Amino acid sequence: MDPSGIFFTTHAGDRSLVRTRAQRVCLLLLVLALATLPYWASERWVSIGYTTFITAVAVIGLQICTGYAGQINLGQSAFMGVGAYGAALAMMAGWNALAALLVGGAGAAVFGVMFGLTAARIKGFYLALTTIAAQALFHFLVLNLPQGWLGGAGGLHVASASVFGVSLDNDRAIYWFSLAVLAVMTVGAFGIVRSRHGRSFEAVRDDDVAAGMMGIPVAATKARAFLVSAFYAGVAGGLWVVALRHVSVEQFTLFNAIWMIAMMIVGGLGSIVGALIGTVMIQLAREGVTSLGPSFVQWVPAVGQDFVFAAMNVLLGTVIILFLLFEPKGVMHRIELSKKAYRLWPFPY
């Protein structure tokens with residue numbers, strides 16, 4: 001099938017990041033703009049940038065587990081926390097940033113497989129409850145293990161990391177490092193969904209009984225989906241430690257996991273690019289509320305100081321409800337419809 005033809009499907013198109021020369025040019029311009037942003041943007045935008053990159057890594061992993069494999073995962077924040085603590089311990093042992101990210105990702109992957117194995121027997125609402133248990137178990141272990149191990153409620157403080165002899169002790173260095181890791185993880189995600197593992201994920205998502213009858217190991221495929229998702233979350237947690245140089249259990253809550261779900265819904269299920277778009281949109285919306293909230297409180301003192309936190313909750317709920325009602329397939333689906341209409345123009349069908 002011709003990738004540039006009008007019958008090229010939406011789902012198949014997302015297996016490749018770029019397909020035409022115009023798309024390659026646009027991608028190159030985007031990469032150049034992102035790479036040079038620290039030179040022409042303020043420090044606040046630089047910090048927003050690497051925070052968005054870190055979150056996007058975790059959301060891509062969640063997209064593979066939920067969007068492609070169809071496994072509900074409300075424990076992504078806990079997996080991210082496991083990776084953060086693993087990376088922090090590696091950095092405290094003197095390992096460089098890249099090695100610490102791999103340690104964090106591996107630790108989170110092991111933790112994720114534990115809950116992925118339960119997905120072989122349960123699904124739907126009960127699977128969601130099981131992944132919430134990962135969040136509760138993570139908090140319980142961190143707070144109840146000896147304080148000398150993980151720092152207890154106070155968390156762990158680490159020194160600035162380095163990679164290839166370059167110290168990551170400033171926002172610019174953290175920004176470029178996070179951007180590079182996001183690029184590698186994004187390319188890896190496209191490779192996964194194009195591989196036989198990606199096809200197995202989609203088969204299990206569509207009908208796990210039929211997939212099993214075709215010879216696909218359903219239990220192993222579901223566990224593999226959680227492993228990949230948790231690995232991505234662990235790498236994101238390691239980046240979080242590199243950026244903040246501190247990790248505590250309060251940074252990884254169930255509320256953060258729900259934000260990631262919202263980002264995936266907004267961007268569109270079953271789309272790697274959709275995960276990136278949804279992350280950017282939600283992050284910008286959150287920053288907008290954070291920036292405008294204090295000004296609104298000063299303008300209308302009667303609303304109180306809790307307005308910003310309440311507005312965040314209202315924003316999250318409103319965004320999820322509106323997209324589920326009016327655009328359940330996400331922004332990426334609308335983009336694909338626009339591209340198809342452009343290819344068909346001026347014909348109506």
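The following legends describe an overview and several close-up views of a predicted model.

**Figure 1. Overview of the protein chain.** The predicted chain contains 15 helices and 4 strands. Of its 349 residues, 46% are buried. Among contacts with a separation of 6 or more, 76% join residues 24 or more positions apart. The chain exposes about 17,200 Å², and carbon and sulfur atoms supply 70% of this area.

**Figure 2. Helix H6 and its buried side.** Helix H6 comprises residues 125-144. At 1.5 Å a residue, its 20 residues should span 28 Å, and the end C-alpha atoms lie 29 Å apart, which agrees. The buried residues of H6 are Leu-127, Ala-128, Thr-130, Thr-131, Ala-134, Gln-135, Phe-138 and Val-142. They cover an arc of only 165° around the axis and therefore sit on the same side of H6. In an α-helix there are 3.6 residues a turn, so residues three or four places apart point the same way. The face of H6 turned away from the buried side carries the exposed residues Phe-125, Tyr-126, Phe-140 and Asn-144. Packing partners of the buried residues of H6 are H4, helix H5 (97-116), helix H7 (147-150), H11 and helix H12 (254-267).

Figure 3. Gln-76 belongs to helix H4, which covers residues 76-92. Gln-76 counts as buried because its relative accessibility is 0%, under the 20% limit that defines this class. Its side chain makes a polar contact of 2.8 Å with the side chain of Ser-229. Leaving aside residues up to four places away in sequence, Gln-76 touches Ala-58, Gly-61, Leu-62, Ser-229, Ala-233 and Met-260.

**Figure 4. Ala-220 beside Ala-120.** Ala-220 is located in helix H11, which covers residues 218-244. With a relative accessible area of 35%, Ala-220 is partly exposed. Ala-220 and Ala-120 are 100 residues apart in sequence, yet their C-alpha atoms are 7.9 Å apart in space.

**Figure 5. Two loop residues with positive phi.** Most residues other than glycine have a negative phi. Phe-164 has a positive phi, near 55°, and is placed in the loop between strand S2 (162-163) and strand S3 (166-167). The relative accessible area of Phe-164 is 75%, so this residue is exposed. Arg-245 also has a positive phi, near 60°, and lies in the loop between H11 and strand S4 (246-247). Its relative accessible area of 30% makes Arg-245 partly exposed.

**Figure 6. The salt bridge between Glu-287 and Arg-44.** The structure as a whole holds 4 salt bridges. In one of them, the side chains of Glu-287 and Arg-44 meet at 2.9 Å, N to O. Glu-287 is part of helix H13 (residues 272-299) and Arg-44 is part of helix H3 (residues 43-68), so the pair ties together parts that are 243 residues apart in sequence. Both ends are partly exposed: Glu-287 has 22% relative accessibility, and Arg-44 has a relative accessible area of 42%.

**Figure 7. Two further salt bridges.** Asp-206 and Arg-205 meet through their side chains in a salt bridge of 3.2 Å, N to O. Asp-206 is exposed, with a relative accessible area of 58%, whereas Arg-205 is partly exposed at 29%. A salt bridge of 3.0 Å, N to O, joins the side chains of Arg-334 and Glu-327. Here Arg-334 is partly exposed, with a relative accessible area of 43%, and Glu-327 counts as buried at 14% relative accessibility.

Definitions and conventions:
Residues are numbered from 1 along each chain as its sequence is written. This is a predicted model: local features need pLDDT of at least 70, side-chain atom pairs count only at pLDDT 80 or more; totals for chains, interfaces and linings use all residues. Side-chain values use heavy atoms; hydrogens and water are left out. Buried means under 20% relative accessible area, exposed over 50%, partly exposed in between (1.4 Å probe, protein chains only). Contact means heavy atoms within 4.5 Å. Accessible areas come from the Shrake-Rupley method with a 1.4 Å probe; for residues, only the protein chains shown count as cover. A polar contact is a pair of N or O atoms within 3.5 Å; within protein, one must be able to donate a hydrogen and the other to accept it, and residues adjacent in sequence count only if both atoms are side-chain atoms. The expected span of a helix is 1.5 Å times one less than its number of residues. The arc is that of the directions from the helix axis to the C-beta atoms.
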